[in-house]
Amino acid sequence: MINGKRFEEEMLSLLDTLYDSQNEKIEEAAHAFKECIRKGGVLHVFGSGHSVGLGIDIKNRVGSLVPVHIMNMSDFVTSGKVPADVFMNPKDIFERKPGVAKLLYELYDIRPQDLFMIISNSGINGIVIDIAALAKENGHKVIVVTSMQHTLVEQPRHPSGKKLYEFGDIVIDNCGPHGDALIQTPTVAKVCSVSSICNNCIAQSLAARTIELLTEEHIPVPVLTGEKEHDEKLTTQYEGRC
């Protein structure tokens, strides 16, 4: 039977696997983020499709770190860099295009102390790989979140023949299954995609540990509290960057 209880059991088992196998990588990423914040830097988060949810989950809400910037695919259009019909063309999927990421990268105020987090379940599409490559070329540390089970069996689409994880200084496996759906059914394909849940658990764990590290080292913690004056001061500090 496919019901809430079965999903709960399989999802919790998957999260146990994630934390058992990836805790050291999350710890490493938290130290990198702490150093980024200590130096006045920002975490630039990029993912296409559902992967953008990781950044959304840790930004602009009470209890979230302020120095998080989402590199938004829609900025291609709103900036005038790419016509809307080209961006939305279903016959030529934009996120698979190599060689266009520089247009997005150059829109933002990116500084030497900044850190990048690139998310893609498959890790094979052009734009995520190009953003990661650009960040590396410019001397930034890159954290990659991907499904290793998925990416290792897919053929690369990038002209380099590489996949996203090959550009990561820190690679966090979200431990999701190939194809993303978790639960096998007797009559139809597998159901219940889980990468968003896994990615958001990684994101919140990263944020929590980063805050703990900042506190331990007596570094001011740039977290939204819901107190107007405090929050306005913080957002002004990072204005134009987040």
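This is a short tour of the model, one selection at a time.

You're looking at a predicted model, in which local features need pLDDT of at least 70, side-chain atom pairs count only at pLDDT 80 or more, and totals for chains, interfaces and linings use all residues. Residues are numbered from 1 along each chain as its sequence is written, and side-chain values use heavy atoms, with hydrogens and water left out.

**Stop 1: H6**

Select residues 126-137, helix H6. Helices here are DSSP runs of H or I with at least four residues, strands are E runs of at least two, and both are numbered from the N terminus.

How many residues of H6 are buried? Ten of the twelve are, where buried means under 20% relative accessible area, exposed means over 50%, and partly exposed is in between (1.4 Å probe, protein chains only). Among them are Gly126, Ile129 and Leu134. Show the neighbours next: the buried residues of H6 pack against strand S1 (43-47), helix H3 (75-78), H5, S3 and S4, with contact meaning heavy atoms within 4.5 Å. Just after H6, click on glycine 139, which has a positive phi of about 85°.

**Stop 2: an aromatic pair**

Now pick tyrosine 105 and phenylalanine 116, which are stacked at 5.8 Å centre to centre with 10° between the planes. A search of the whole structure finds one aromatic pair. Rings of Phe, Tyr and Trp (its six-membered ring) pair if their centres lie within 6.5 Å; planes under 30 degrees apart count as stacked, over 60 as edge-to-face and the rest as tilted. Tyrosine 105 belongs to helix H5 (residues 101-105) and phenylalanine 116 to strand S3 (residues 115-119), eleven residues apart. Tyrosine 105 is buried at 10% relative accessible area, and phenylalanine 116 is buried at 0%.

**Stop 3: S4 and S5**

Strand S4 (residues 142-146) runs parallel to S5, and four bridges join them; strands pair if DSSP finds at least two bridges between them. For one of these, select isoleucine 143, whose bridge partner in S5 is isoleucine 170. Then colour S5 (residues 170-173) by face: Ile170 and Ile172 are buried on one side, Val171 and Asp173 on the other. In a regular strand the side chains alternate between the two faces of the sheet.

While you're here, show lysine 162, which lies over the face of phenylalanine 167 at 5.6 Å from the ring centre. A charge sits over a ring if NZ of Lys or CZ of Arg is within 6 Å of the ring centre and within 35 degrees of the ring normal.

**Stop 4: two positive phi values**

Most residues other than glycine have a negative phi. Asparagine 60 has a positive phi near 60°. Find asparagine 60 in the loop between helix H2 (53-57) and S2, where it is exposed at 61%. Aspartate 180, with a positive phi of about 85°, is in the loop between S5 and strand S6 (181-183) and is buried at 13%.

**Stop 5**

Cysteine 242 is in no disulfide either, with the nearest cysteine sulfur, that of cysteine 36, 9.3 Å away. Cysteine 198 is buried at 0%, while cysteine 242 is partly exposed at 29%. The search of the whole structure finds zero disulfides.

Conventions
Expected span 1.5 Å × (residues − 1). Disulfide = S-S within 2.5 Å.
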